[in-house]
Amino acid sequence: MSARGAAAERNSGMKKTTEKRKNREKEEQQQEEEELPMFDKNADKVGHLDDTDEEKEDLSDSEESVFSGLEDSGTDDDDDEEDDGDDDDDDDGDDASGEEEEEQDEENHNKVEKDPAAGETSLTPQTEDKPAKSRKLKKKKSVTSGGDEEEERGKSERDSGLKISSQVDEYEQDTSDEEDIRNTVGNIPMEWYKDFPHIGYDLDGKKIFKPIRSKDELDEFLEKMENPDYWRTVQDKMTGSDVRLSDEQVDLVHRLQHGKFGDINFNEYEPAIDFFSNEVMIHPVTNRPEDKRSFIPSLIEKEKVGKLVHAIKMGWIKPRRPKDSAPLYYDLWAKEDPNSILGRHKMHVPAPKIRLPGHEESYNPPPEYLLTEEERLTWEQQDPEERKLSLLPQKFPSLRAVPAFTRFIHERFERCLDLYLCPRQRKMRVNVNPEDLIPKLPKPKDLHPFPTTQSLVYRGHSSLVRSISVAPGGQWLVSGSDDGTVRFWEVATARCLKTVEVGGAVKSVAWSPNPAVCLVAISHGNTVVLMNPGLGDRLILSATDQLISSYEEPTEVKDQPVEWSLAEGTEHQQGQRLILTHPRAVKQVTWHGKGDYLACVMPDVSSNVQVVIHQVSKRRTQNPFRKNKGMVQCVSFHPIRPYFFVATQRHVRVYNLIKQELTKKLMTNCKWVSSMAIHPGGDNVICGSYDCRLAWFDLDLSTKPYKMLRHHKKALRGVAYHRQYPLFASGSDDGSVIVCHGMVYNDLLQNPLIVPVKVLKGHTITHDLGVLDVAFHPTQPWVFSSGADGTVRLFT
Amino acid sequence: MGGLQKKKYESGSATNYISRNKARKKLCLSLADFRRLCILKGVYPHEPKHKKKVNKGSTAQRTFYLLKDIRFLLHEPIVGKFREYKIFVRKLRKAYGDLQYPTFIDALRDVDDALSMCFLFSTFARTGKCHVQTIQLCRRLSVEWMNYIVTSRSLKKVFLSIKGIYYQAEVLGQTITWLVPYQFAHDHPTDVDYRVMATFTEFYTTLLGFVNFRLYQTLNLLYPPKVRDTHTLSAPGSELTNAYLLQSLALFHWFLCLILSFSHLHPCSQEDMEKMEARVKAQHEQDKQKKLFEGLKFFLNREVPRESLAFILRCFGAQVSWDKSLCIGSTYDAEDETITHHIVDRPNMDKQYMNRYYIQPQWVFDSVNAKMLLPVEDYFLGVTLPPHLSPFVEEKEGDYVPPEKLKLLALQRGERPVEEDEEDDEEEEEEEDDDEEEEEDDDEEAEEEAKLKEMEEKKSQGKALPVKVTPGKVKSENRHRLEQEEKAEEKRLAIMMMKKRDKYLYDKIMFGKKRHVRETNKMVAKRKALDEASKADRKKKKQKKQ
C-alpha cells in the first residue's frame with residue numbers, strides 16, 4: 001500500500017485523467033458487449049460469461065468487494081465499500097473517492113443494462129457452482145439504477161469535484177422505481193393538499209385533481225358490507241384513488257407482517273460457506289494475478305532508503321541504544337540521622353508481620369494434625385472467616401507430589417489490601433495473670449468459728465419446709481412445712497418432740513425472742529396461731545399460760561381488722577393458745593425483740609392493710625400504714641431502736657414507729673427482694689433477692705448497698721444474721737448455704753470486712769427448690785437450714 | 001461565668017484525624033491515585049481510640065487517616081505533578097524509600113513482604129499480567145538477595161509448607177521471613193486487582209534494590225554484582241554486558257553460582273569469624289550451624305527443586321552440583337567419586353554408588369532446622385518420611401508438643417534415641433500405673449460414700465438399724481490432698497468476691513485456658529489412637545510374615 005499510496009500521491013492528477021479515459025473506454029466496450037444478450041434473451045451462457053469478465057475487473061478494483069459479497073444486503077455493502085474507500089483514500093482527497101464512485105456507478109449501470117436478461121438467470125441453478133458470484137449478482141439486482149440520464153447527472157456532479165454522499169446517490173438510482181407515478185409533489189405529507197381540489201402536479205406541471213369522492217359513512221358501511229374485496233382495498237394517497245391489492249401483494253403484506261422476507265424464494269438459511277478458513281486450499285480464492293506494480297521496486301522507497309543509508313554513513317543517525325530499564329540504586333540511608341525523624345514517624349505503626357506457619361501447614365505434618373472426616377466436613381461448612389485453620393492440612397508422601405498452592409496469589413493480594421486498607425492501631429496487650437485478679441482475702445482458717453460440716457439432719461417432714469426458728473435458749477427448734485404440720489425438735493439430738501397438725505401449709509414460724517415466755521407464732525392460711533409448745537422449763541410454760549389467761553377485755557371494744565380468739569378443745573391440748581384470723585393469707589410473722597409485738601405480712605398490692613402489728617399482751621392489732629407503697633415482701637423490727645423495716649420488691653423502707661415517719665429508703669439494686677435480716681447491732685441490713693444477689697447495707701453509710709454479693713447461682717430464699725458472731729448466712733435455690741464473715745470495725749476508717757468463709761451443701765434440689773430458710777443458733781456458731789427436700793440440717 | 005463556650009469537635013482527637021474521602025478531596029486526587037500515593041508513601045489508616053469523637057458524633061463506618069500524614073502528602077511536591085505519571089514515578093523513586101523509612105533498619109524490618117512479592121513476581125510467566133521488565137527486575141533483585149544471604153550465611157530456618165517454601169534469615173539482627181512458591185505455572189485468578197499488586201511491586205522493587213545495595217555494602221561487595229570471567233560462557237560474543245545477562249533468566253543461576261565461588265574467598269567473612277569467636281557461646285552454636293554442611297558434596301537429581309536446595313545447601317557451606325544438561329552452573333558430574341550425598345526424590349534409582357547416601361530432600365530441610373546433621377537412615381530412598389515439623393513453632397508450657405519434636409530435642413541434647421517399641425511399652429506401663437492409683441483412690445471414696453448413703457436411707461425409712469459396734473478403722477488422711485482441697489476452696493470463695501468486671505475478664509481468661517487444654521488433650525488422644533492403630537497394623541503384618 002505504501003508504494004501504491006506514495007505513487008498515487010505523486011501523480012494523482014495525472015492518474016485521474018488517465019483512469020477516467022480508461023473507464024470511458026471500458027464503458028463503451030461493455031455497452032457493446034451487453035447488447036448481445038439484449039437481443040438474445042435465451043443466451044444465458046453468454047450473459048453469464050460477460051458477467052464473469054466484469055466480475056474479474058470488479059475484483060481487481062478492490063478485494064473488499066469479495067468480502068462484502070458475503071453479506072446479505074446489497075445496499076449495505078455499497079455503503080461499506082464506500083466507507084472503506086474513504087478510509088483508504090483519505091490522503092488522495094476528493095479525486096480518489098470520486099474515482100471509486102465512478103467505478104461503482106459503472107458497475108451499477110452495467111447491471112441495470114443487463115438486468116432484463118440476467119435477472120432470471122441469476123437465480124437459475126446454473127449459477128450455483130459459483131456461489132460467490134451468484135450472491136454478487138443478487139446484490140447487484142437489489143441495487144437498481146436509473147437510466148442514462150442519471151448516469152450523466154452523476155458524472156457531471158463528479159466532475160464538479162463534489163463528494164457525493166451515498167444516500168443521495170442511492171436516491172437518484174431509486175427514482176427509476178417511481179417512474180410511473182404521475183404526481184410530482186415528491187415525498188411530502190399529503191395532508192398539505194387536504195384543502196385543495198387537486199392532489200399534485202403531473203409531469204407537465206398540470207394539476208391532478210382529486211377523484212370525486214362523495215362517500216359518507218353510510219356509503220362506506222354499505223361498501224364494507226357489499227364489497228367482498230373491501231378488506232384488500234387501500235387508498236393510494238398520492239392519487240387519491242382506491243387500489244385493490246392483488247393476491248401476490250396481499251401475500252407480501254402478510255409475509256412482511258410476520259417478519260419474513262418479502263421474496264418468497266429467498267432462502268435465509270443458506271449454508272454458510274467459509275471461504276477464508278484455516279484450511280489451506282490448493283487453489284487461491286481469487287484468481288486475480290498480481291499487479292504489475294507489485295513487481296517493480298518502489299522508487300520512493302528506494303529514495304527514502306537511500307537517504308537513510310546516507311545519513312547512517314555520514315554518522316547522522318546512530319543505532320538506538322538499548323534502553324537500560326534497570327533503576328539505579330545508591331546508598332539511600334547514607335546520611336541517616338535518627339534525630340531527624342519526623343513527627344509523622346513517631347506515630348508510625350509498623351505493619352504486623354504475617355503469621356508464621358505451624359506444623360499443620362507442613363507438606364508432611366504429624367498425623368494428628370490432619371483433620372478427621374467430621375472435622376473436615378465442619379471445616380468446609382464454616383465461613384472462610386470463621387475457620388480456625390486457613391487451609392486444609394494435607395499429607396504428601398514425598399516432595400515431588402506437592403502441587404502448586406492455588407490461592408498463593410490471592411493471599412499475596414489480600415496481604416497487599418491489608419497493608420494499605422486496614423486501619424492500624426497500637427494495642428497494648430496486657431498480659432493479665434488471672435491469679436492477680438482474684439482479690440486477696442484473709443484466709444477462712446483465720447476467721448473461725450463458723451459452721452463447716454453438716455452434723456445433723458432433722459427428718460420427718462413429708463413436704464418442703466418453709467420456715468424454721470430456734471428458741472431463744474437454743475435448745476429447741478421449730479419448723480413449719482407444706483404438709484400442714486409444725487414440728488418441734490431438740491436441737492442436740494435431732495429428735496422430733498412434738499408434731500402439731502395445724503390444718504394448712506405453714507408459711508412461717510417464729511419463736512418469741514423473750515426468754516421469759518415460751519410462745520411460737522405460726523402462720524397458715526389466713527390465721528396466725530400463738531402456741532405454747534410445752535417444752536422446757538415448767539415455770540416459763542406456766543408463766544406463758546398465765547400471760548395469756550390474765551388478759552382482761554377492755555371496756556371499749558375497738559373495731560379491729562383481726563379477730564382474736566382463744567383456742568379450745570383439742571387445739572388447746574396441742575398447745576395452741578390464741579388464734580388470730582386475718583382478712584388474707586399471712587406470709588410472714590416476726591417478733592419484736594421484746595417479745596410482745598408481732599408483725600404479720602399479708603402481701604397484696606391492692607390493699608392498704610398489708611402489714612399489721614399485734615400486741616399480744618393487750619390483744620390489740622394496729623395497721624401502721626395508711627398508704628400502700630407496693631407489695632410488701634417481708635418486714636422486720638429493729639432489735640434496739642423503735643424502727644420498723646419494710647421490704648417491698650425493690651426497696652427497703654425504714655420507719656420510725658414513734659415519730660410515725662419514714663426515716664430511710666434503701667435502694668437494694670435488686671429486681672425482687674425475697675428476704676431480709678438485720679444485724680443485732682442494728683447498723684447493718686442484708687437483703688436476699690430472687691435475682692441471685694445479696695445486698696449488704698451499712699445504714700450509717702448510705703442508702704445504697706455497700707457490697708453486692710453474687711455468689712449464689714440461683715435465687716436466694718433466706719438470709720440470717722448470727723446474734724453474737726460476725727456471721728451471716730444465705731440459702732439459695734442452688735441447694736447451698738453460704739456463710740460469710742461480715743465484720744464491721746469500730747474504727748470508721750477501716751473498711752468492713754466481708755468474706756465468704758464456707759459453702760455448705762447438703763440439701764438436694766427438689767422441684768427446682770433448694771434451701772428455703774436459714775437460721776443461726778443463738779449462742780453457738782451453728783446454722784440451721786430447711787430445704788425443699790423436707791429436711792432441716794444443722795451445720796456446725 | 002467567663003470564657004466562651006467550647007465547641008464540640010474543634011479540638012482534641014477530632015482534629016487529629018481526617019476521613020478518607022475528606023483527605024482525598026483535600027488532595028484533589030481520584031481514589032485510584034490516592035491509593036497509589038498511599039501505597040508508595042506508606043500512609044495507612046489509623047484506628048482512633050474514640051471513634052465517635054473523631055467521627056463528630058456519628059457512628060458511621062469510616063476510615064481515618066492521621067491529619068499529619070495527609071498534610072505531609074499535601075506538602076509533597078509530587079502531588080502537584082501527579083498527572084504526569086512518569087515524572088511522578090521517577091521522582092518518587094528517589095523520594096519515597098527515604099521518607100517512608102527514615103532508617104535502614106526500619107526498611108529492613110519491612111522487607112518481608114517485599115521479598116515474598118518479588119519472589120512471586122519473578123515466577124510469573126510473561127503473560128501480560130505485568131510488564132516483562134518488572135518480572136526481570138524482580139528476578140534480578142531476588143537473586144541478588146539470595147546471593148547476599150548465601151554470602152553472609154544468615155539463613156536460619158526453612159520450612160516446606162503446602163503453600164511454598166518458607167525461609168527465615170537473620171540479617172543485621174532483624175528476623176526476616178519470606179515465602180517462595182513452588183515452581184509451577186500460576187493460574188491467575190480473575191478476582192485479583194493486579195493494579196494494586198503492580199503498585200506494590202513497584203514500591204517493593206525499589207525498596208529491595210536500595211536494601212540490597214546497602215547490604216552488599218556491608219559485605220564490601222560491589223553492587224550491582226558483575227560477572228567477572230565471561231569467557232567461560234559459550235554465549236555469542238565476548239563483550240557480554242551485564243544488561244544482556246540480566247535479560248536471560250536462565251543465565252541467572254549461573255550468575256549466582258559464579259558469585260558464590262568468589263564469595264567464599266572473600267576476606268570479610270574471616271574477619272567476621274574472628275569477631276564471632278570473641279563473642280559468647282551462643283554465637284559458637286550459630287557458627288556451627290553456619291558450617292553445617294561444610295565439606296559435604298551434594299548432587300541434586302533432576303526431579304528435586306534445584307534452586308531452593310542449591311540455595312540452602314550453599315548457605316551452609318556445601319558444594320552443590322546437578323546434571324549438566326539441566327542447567328548451566330553444574331560444577332561436577334554425578335559420576336564424581338567424592339560426592340557424599342545424592343538428593344533424590346524418586347522411589348528407587350537404577351545405578352547407585354556405594355560411597356554416597358541417597359537421601360530425600362526433606363533431610364536437608366530437617367537438618368537445617370535441627371541445626372545438626374540428622375541420621376540419614378530415616379530419609380533413604382523409598383522410605384516413609386518422618387513428619388516435617390515447622391521450625392517456627394515454639395511450644396510454651398502446656399502446649400501440645402508432637403512426639404517427633406521431643407525426639408528431636410533429645411537428639412539435640414545428645415541423647416541416643418532409644419528403640420522405639422521399648423520406649424512406647426514403658427510409657428504405656430507407667431501410664432497404666434498412674435491410672436490404677438487414681439482409680440484406687442476413687443474407689444475408696446466411692447465405697448465410703450455408698451455406705452453412708454445406705455445408712456442414711458435406712459434411717460430415713462425409719463427402720464431400726466442393726467446396732468453393732470465394729471472396731472473403727474484408722475482413716476489415713478492424705479494431708480497433702482486435704483491441703484490442696486482447702487486451697488482450692490479458698491480460691492473458689494475468693495472468686496465469689498471478685499468484682500463484676502474482674503470476674504468477666506477472669507472468666508474469659510479461664511475459658512481460653514480451658515479451651516487450650518482441651519485442644520491439647522484432643523491432640524494427645526488423637527495421636528495415641530493413631531499410634532495404636534499403626535502399631536496394630538505392624539503387628540498384623542509381622543504375624544502375617546511369620
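Modeller: Leaving aside its neighbours within four places in sequence, Arg793(A) is in contact with Gln454(A), Leu456(A), Val457(A), Tyr458(A), Gly762(A), His763(A), Val783(A), Phe784(A) and Ser785(A). Before we go on: this is a predicted model, where local features need pLDDT of at least 70 and side-chain atom pairs count only at pLDDT 80 or more, while totals for chains, interfaces and linings use all residues. Residues are numbered from 1 along each chain as its sequence is written, chains are lettered from A and ligands numbered from 1 in the order in which they are written, and side-chain values use heavy atoms, with hydrogens and water left out.

Colleague: Why is Arg793(A) called buried?

Modeller: The word goes by relative accessible area, found with a 1.4 Å probe and protein chains only: under 20% is buried, over 50% is exposed, and in between is partly exposed. Arg793(A) has 7% relative accessibility, so Arg793(A) counts as buried.

Colleague: What makes the link between Arg793(A) and Thr791(A) a polar contact?

Modeller: A polar contact is a pair of N or O atoms within 3.5 Å; within protein, one must be able to donate a hydrogen and the other to accept it, and residues adjacent in sequence count only if both atoms are side-chain atoms. The side chains of Arg793(A) and Thr791(A) make such a contact at 3.3 Å. A polar atom of the Arg793(A) side chain also lies 3.3 Å from the backbone oxygen of Gly762(A).

Colleague: And where is Arg793(A) placed?

Modeller: In strand 33 of chain A, residues 791-795. Strands (E, at least two residues) and helices (H or I, at least four) are DSSP runs, numbered from the N terminus. Chain A has 18 helices and 33 strands.

Colleague: Why is Ser565(A) called partly exposed?

Modeller: Ser565(A) has 26% relative accessibility, so the label is partly exposed. Ser565(A) belongs to strand 13 of chain A, residues 563-566. Beyond its neighbours within four places in sequence, Ser565(A) is in contact with Arg577(A), Leu578(A) and Ile579(A). The C-alpha atoms of Ser565(A) and Arg619(A) are separated by 9.5 Å, though the two are 54 residues apart along the chain.

Colleague: What about Glu144(B): buried or exposed?

Modeller: Buried, because its relative accessible area is 2%. Glu144(B) lies in helix 10 of chain B, residues 132-152.

Colleague: Why does Asn220(B) count as exposed?

Modeller: With Asn220(B) at 59% relative accessibility, the word is exposed. Asn220(B) is in the loop between helix 11 (194-218) and helix 12 (242-247) of chain B. Its phi is near 60 degrees, a positive value in a residue other than glycine.

Colleague: Which label does Asn669(A) get for its accessibility?

Modeller: Asn669(A) comes out at 46%, so Asn669(A) counts as partly exposed. Asn669(A), too, is not a glycine and has a positive phi, of about 60 degrees. Asn669(A) sits in the loop between strand 22 (661-667) and strand 23 (673-678) of chain A.

Colleague: Which peptide bond is cis?

Modeller: The one from His448(A) to Pro449(A), with omega near 5 degrees. Pro449(A) lies in the loop between helix 16 and strand 5 (454-459) of chain A.

Colleague: On to the two chains together. How do you know that Glu486(B) and Lys445(A) form a salt bridge?

Modeller: The rule asks for a side-chain nitrogen of Lys or Arg within 4 Å of a carboxyl oxygen of Asp or Glu. Glu486(B) and Lys445(A) meet at 3.6 Å, N to O. Across the interface of chain A and chain B the rule finds 14 salt bridges.

Colleague: How much area do chain A and chain B bury between them?

Modeller: About 9100 Å², 65% of it on carbon and sulfur atoms. Buried area is the accessible area (1.4 Å probe) that two parts lose on being put together, summed over both. The contact takes 86 residues from chain A and 119 residues from chain B.

How values were computed. Contact means heavy atoms within 4.5 Å.
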